[in-house]
There are 2 protein chains.
Amino acid sequence: MSQRNECVTGDVGGGEACSLMEALGRVSGKWSIGVLMETTRGPVRFTELERALSGVSRRMLTLTLRGLERDGLLVRTVYPTVPPRVEYVATEMARELYDHLLGLTEWAERHRADIARARDAYDNAT
Amino acid sequence: MSQRNECVTGDVGGGEACSLMEALGRVSGKWSIGVLMETTRGPVRFTELERALSGVSRRMLTLTLRGLERDGLLVRTVYPTVPPRVEYVATEMARELYDHLLGLTEWAERHRADIARARDAYDNAT
DNA sequence: CTGTATCCAAGGAGATACTG
DNA sequence: CAGTATCTCCTTGGATACAG
């Protein structure tokens with residue numbers, strides 16, 4: 001969610017680290033993933049998101065939505081009724097991103113036990 | 001790099017968001033990606049990393065290394081010589097993670113122009 | 001309903017100095 | 001060489017109140 005893309009990570013990997021951090025920057029922030037998941041399934045209203053992401057504040061939800069919209073990952077549609085109705089939906093680009101992220105999910109689940117064991121070992125060794 | 005894995009993102013996607021944020025947590029932080037890239041190519045010494053990741057402070061490099069080591073993504077080997085010699089190398093698990101991350105890199109490069117355009121459009125629309 | 005504006009707390013990260 | 005210890009700044013995120 002950071003607007004900053006300094007990419008000061010040296011020349012590691014000939015700019016690969018840079019692209020990578022760029023991609024990760026889009027889904028950084030505590031709520032971006034959740035918003036992406038919800039809006040990938042179809043148009044969702046502000047209040048629906050607020051309910052789905054239990055614990056999110058209005059402020060952070062708004063900031064997250066604006067960030068994703070700005071990057072072209074979300075389309076915001078306003079229906080000028082009263083009360084107002086606003087819908088958010090993921091773009092094709094966002095769906096592609098999400099597909100890649102699913103690979104990470106698989107990795108996380110496959111290695112959850114390994115990681116837990118590594119942590120225990122490390123912590124016990126003080 | 002955060003030790004915290006509260007995963008408070010509602011029940012979005014039946015825990016998928018949770019696994020995902022877990023995986024992303026391992027590579028969060030400004031220097032994790034760079035360290036992962038360097039140590040994936042083979043054993044590297046502390047000072048070599050310090051040079052490769054230009055701009056990193058000793059403190060942050062140490063914290064990053066400790067975090068990755070704790071999660072079982074890095075192995076730290078100390079050779080008890082004088083002066084001391086310490087080498088870090090990525091584990092198999094880390095290499096798998098890195099492979100998944102390469103997918104994200106490809107996405108970032110393929111859509112760099114789209115994102116830039118989206119940003120310009122958004123910013124111009126105030 | 002869908003936000004914006006303010007204030008505040010916690011953690012990430014840099015600079016610097018010191019050590020086995 | 002390979003760290004640790006402080007101190008401080010800045011960003012992220014939560015709480016709350018207000019508005020079109």
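Contact means that heavy atoms lie within 4.5 Å of each other. This is a predicted model, in which local features need pLDDT of at least 70, side-chain atom pairs count only at pLDDT 80 or more, and totals for chains, interfaces and linings use all residues. Residues are numbered from 1 along each chain as its sequence is written, chains are lettered from A and ligands numbered from 1 in the order in which they are written, and side-chain values use heavy atoms, with hydrogens and water left out.

**View 1. The surroundings of T91(A).**
T91(A) sits in the loop between β3 and α5 (92-124) of chain A. Helices (H or I, at least four residues) and strands (E, at least two) are DSSP runs, numbered from the N terminus. Leaving aside residues up to four places away in sequence, T91(A) touches G72(A), L73(A), L74(A) and V75(A). A polar atom of the T91(A) side chain lies 2.9 Å from the backbone oxygen of G72(A). Is T91(A) buried or exposed? T91(A) counts as buried because its relative accessibility is 16%. Buried means under 20% relative accessible area, exposed over 50%, and partly exposed in between (1.4 Å probe, protein chains only).

**View 2. The largest nonpolar core.**
A nonpolar core is a set of buried Ala, Val, Leu, Ile, Met, Phe, Trp, Tyr and Cys residues joined through side-chain atoms within 4.5 Å. The largest one here has 64 residues. L101(A), L104(A), L101(B) and L104(B) have the most contacts inside it. Not counting residues up to four places away in sequence, L101(B) touches L20(A), L104(A), V27(B) and I33(B).

A residue is near a strand if one of its heavy atoms lies within 4 Å of it. There are 21 residues around DNA strand C, and T47(A), T62(A), R76(A), Y88(A) and R59(B) come nearest.

An N or O atom in the side chain of R45(A) is 3.0 Å from a sugar or linking oxygen of DNA strand C. R58(A) has a polar side-chain atom 3.2 Å from a base nitrogen of DNA strand C.

Terms used
A polar contact is a pair of N or O atoms within 3.5 Å; within protein, one must be able to donate a hydrogen and the other to accept it, and residues adjacent in sequence count only if both atoms are side-chain atoms.
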